[in-house]
Amino acid sequence: MGGLGLWGLWLFLLLVVVVSILLAVGSIWLANRTFSDSAGREDNSALSPFLTCVGLVFGALLGFTVVVAWEQFSSAETHVANEASTLTTMYRQTVAMPAPEQTQLRELLLKYTKAAEGPEWAQQESGGGTSESARAAITEMYRVLGSQPPSDASSAANGEFFGQLTVLTSERNTRVLDAKPRIPWLLWSGLLFGAIVFIALMGSMRLNSRRRHVLLASAVAVLLGLLLYIVFCLDHPFGSQLGVTSAPFEHSLQVFDAVDRGT
């Protein structure tokens with residue numbers, strides 16, 4: 001997820017909580033220094049409509065962003081699972097091929113899966129990238145299939161394998177694109193500005209108990225910070241145990257071993 005790693009994400013979460021509390025406390029302190037207590041209490045009735053309006057608009061925007069980010073995260077997880085499933089299907093299809101071609105394609109499938117599970121996945125954790133080894137393996141599989149004579153007895157198996165190879169190529173391209181954050185900086189700017197305005201309006205309100213005011217404002221600020229943190233994590237689906245992992249590719253390697261043993 002953005003190259004932060006698991007510990008980096010937990011530290012980032014702690015930072016979000018601390019900054020949220022500081023913003024809430026700071027807004028209350030600034031309001032107390034700027035306005036008198038009597039004026040502040042008189043303005044509560046005037047500030048309430050503004051607070052409600054900002055809350056509704058910002059809540060709708062934040063809720064929409066969370067839903068979109070979750071859908072993108074789920075799609076990325078599904079794409080990885082589909083790619084790994086296609087690999088296992090292709091490996092089993094090599095059983096119907098003659099020995100020389102079968103050996104070549106199995107070696108290339110193994111090379112591709114190890115590259116996708118290892119170096120290429122590490123690059124995706126850092127925000128995107130591809131592996132030369134995986135790309136070369138796909139190109140070589142096309143070359144091996146194209147070099148087979150059309151009258152070969154395994155032409156039907158080759159045709160099925162070629163169709164799956166095309167699907168694999170498309171799924172790989174989709175996975176690479178999924179590693180890129182989808183939420184634009186303009187939307188992030190709106191979310192952050194809306195959160196700050198809402199916290200500032202809460203700090204400008206007046207309650208009879210100063211301690212209760214600080215606790216309520218801090219709780220709301222932390223809630224907003226956690227929701228923004230969730231959006232950030234969902235927008236960076238790859239990397240660490242909190243996101244999409246390479247477990248499907250690891251399972252594919254286990255299936256490869258089972259097929260090699262004839263099971």
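This is a predicted model: local features need pLDDT of at least 70, side-chain atom pairs count only at pLDDT 80 or more; totals for chains, interfaces and linings use all residues.
**Stop 1: the largest cavity.** Select Gln 72, Ala 76, Asp 178, Lys 180, Arg 182, Leu 234, Asp 235 and Pro 237, which form the lining of the largest cavity. The space inside amounts to about 40 Å³. By class, this lining comprises four charged, three nonpolar and one polar residue. Helix 3 (44–93) and helix 9 (210–235) each contribute at least two of the lining residues.

**Stop 2: Glu 83.** Remain on helix 3 and select Glu 83, which lies in that helix. Is Glu 83 buried or exposed? Its relative accessible area is 0%, so Glu 83 is buried. Beyond its neighbours within four places in sequence, Glu 83 is in contact with Tyr 112, Leu 168, Glu 171, Arg 172, Arg 175 and Phe 249.

**Stop 3: Tyr 112 and the nonpolar core.** Select Tyr 112 next. With neighbours within four places in sequence set aside, the contacts of Tyr 112 are Glu 83, Leu 87, Ala 134, Ala 137, Ile 138, Leu 168, Arg 172 and Arg 175. Tyr 112 also belongs to the largest nonpolar core, a set of 61 residues in which Tyr 112, Met 141 and Phe 161 touch the most other members. Elements that each supply at least two residues of this core include helix 4 (99–117), helix 6 (132–146), helix 7 (155–178) and helix 10 (247–260). Helix 3 provides the largest share, twelve residues.

**Stop 4: helix 8.** Select 185–204, the range of helix 8. The C-alpha atoms at the ends of this helix are 29 Å apart, which agrees with the 28 Å that its 20 residues should span at 1.5 Å a residue. Buried residues of helix 8 include Trp 188, Leu 191, Phe 198 and Met 202.

**Stop 5: the largest pocket.** The largest pocket has a volume of about 340 Å³. To find its centre, select Val 16, Ser 20, Leu 192, Gly 225 and Leu 228, the closest of its 17 lining residues. Helix 1, helix 8 and helix 9 each give two or more residues to the lining. That lining consists of 15 nonpolar and two polar residues, with no charged ones.

**Stop 6: the second largest pocket.** Finally, select Leu 23, Gly 26, Ser 27, Leu 30 and Ala 200, which lie nearest the centre of the second largest pocket among its eleven lining residues. The volume of this pocket is about 160 Å³. Helix 1 supplies the largest share of the lining, six residues. Seven of the lining residues are nonpolar, four are polar and none is charged.

Note on methods: Residues are numbered from 1 along each chain as its sequence is written. Side-chain values use heavy atoms; hydrogens and water are left out. On a 1 Å grid over the protein atoms alone, a cavity is a set of points where a 1.4 Å probe fits but cannot get out, and a pocket is an open set with protein on both sides within 12 Å along at least five of seven lines; lining residues have an atom within 4 Å of a point. Grid points are joined across faces, edges and corners, and a volume is the space filled by probe spheres set on the points. Helices (H or I, at least four residues) and strands (E, at least two) are DSSP runs, numbered from the N terminus. Ala, Val, Leu, Ile, Met, Phe, Trp, Tyr, Cys and Pro count as nonpolar, Asp, Glu, Lys and Arg as charged, and the others, Gly among them, as polar. Buried means under 20% relative accessible area, exposed over 50%, partly exposed in between (1.4 Å probe, protein chains only). Contact means heavy atoms within 4.5 Å. A nonpolar core is a set of buried Ala, Val, Leu, Ile, Met, Phe, Trp, Tyr and Cys residues joined through side-chain atoms within 4.5 Å. The expected span of a helix is 1.5 Å times one less than its number of residues.
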